[in-house]
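Visitor: I have a structure open and would like to talk it through. Can we start with the strands and then move on to side chains?

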Amino acid sequence: MGQETLRVCQDNHSWQAPLNPAGTTIGRSDECDIVIDSKHVSRHHARIFSSSDGQWYVEDLGSSNGTFVNGERVKSHPVSRSDVIEIGMASLSFSPLVEQATVPCIETPNIIIEDFGTEVFYDKPRLEDCEQQPCPERLRQVGECLSKVAESEEVYAEVCRVHARAKVL
């Protein structure tokens with residue numbers, strides 16, 4: 001198997017970064033292997049590494065705004081090729097190595113969680129392109145996620161995360 005790469009999408013452009021099985025750091029600092037220049041990303045935000053059996057993991061390094069896998073906030077979590085990792089305003093996913101110039105970036109929602117609430121940001125064109133028809137699968141996902149929420153103040157944040165994640169798919 002060839003070199004594993006991670007596709008990073010941020011601000012309507014994307015790039016690929018090689019992954020080191022021993023650990024690839026992600027953050028705002030120039031010391032990180034993958035630098036995401038955003039005030040919503042901690043200096044040393046997260047790390048992706050491979051276990052001895054070849055399973056990849058992402059772990060949050062104590063960031064302020066969190067690390068998300070498929071819309072769920074995680075501390076340490078296994079990731080696969082179909083998963084989307086969200087860090088600040090960027091989305092990251094495994095990808096085969098391809099020419100940089102041919103890689104279009106799919107816009108994703110950006111979710112920022114702070115003590116006082118949740119903000120979901122979309123570029124204006126993204127909102128106009130959203131499908132407005134009911135979707136049973138989306139409703140099932142929202143219901144499934146809400147069933148895990150114990151506190152009423154968490155409901156709004158969870159609905160925003162699930163709804164925003166569903167618009168990407």
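**Strands and side chains**

Guide: F68 has R73, in β8, as its bridge partner. Strands here are DSSP runs of E of at least two residues, and helices are runs of H or I of at least four, numbered from the N terminus. The model is predicted, so local features need pLDDT of at least 70 and side-chain atom pairs count only at pLDDT 80 or more, while totals for chains, interfaces and linings use all residues. Residues are numbered from 1 along each chain as its sequence is written, and side-chain values use heavy atoms, with hydrogens and water left out.

Visitor: In which sense do β7 and β8 pair, and over how many bridges?

Guide: β7 (residues 67-69) pairs with β8 in the antiparallel sense, over three bridges. Two strands count as paired if DSSP finds at least two bridges between them.

Visitor: What is the strand order in the open sheet?

Guide: The order is β2-β1-β11-β10-β7-β8, six strands with antiparallel pairing. β2 (13-18) and β8 (72-74) are at the edges with a single partner strand each, so one side of each has no neighbour in the sheet. From one strand to the next the twist averages 30°, where axes are lines fitted to C-alpha atoms, for helices over the stretch in contact, and angles run from 0 to 180 degrees between N-to-C directions.

Visitor: New topic. T24: buried or exposed?

Guide: T24 is buried, because its relative accessibility is 1%. The cut-offs are under 20% relative accessible area for buried, over 50% for exposed and partly exposed in between, with a 1.4 Å probe and protein chains only. T24 is in strand β3 (residues 24-27).

Visitor: What does T24 touch?

Guide: Leaving out residues up to four places away in sequence, T24 touches P18, L19, D33, I34, A46, R47 and I48. Contact means heavy atoms within 4.5 Å.

Visitor: Aromatics next. How many pairs are there in the whole structure?

Guide: The search finds two aromatic pairs. In one of them, F49 and Y57 have ring centres 5.6 Å apart and planes at 15°, so the pair is stacked. Rings of Phe, Tyr and Trp (its six-membered ring) pair with centres within 6.5 Å; planes under 30 degrees apart are stacked, over 60 edge-to-face and the rest tilted.

Visitor: How accessible are F49 and Y57?

Guide: F49 is buried at 18%, and Y57 is partly exposed at 25%.
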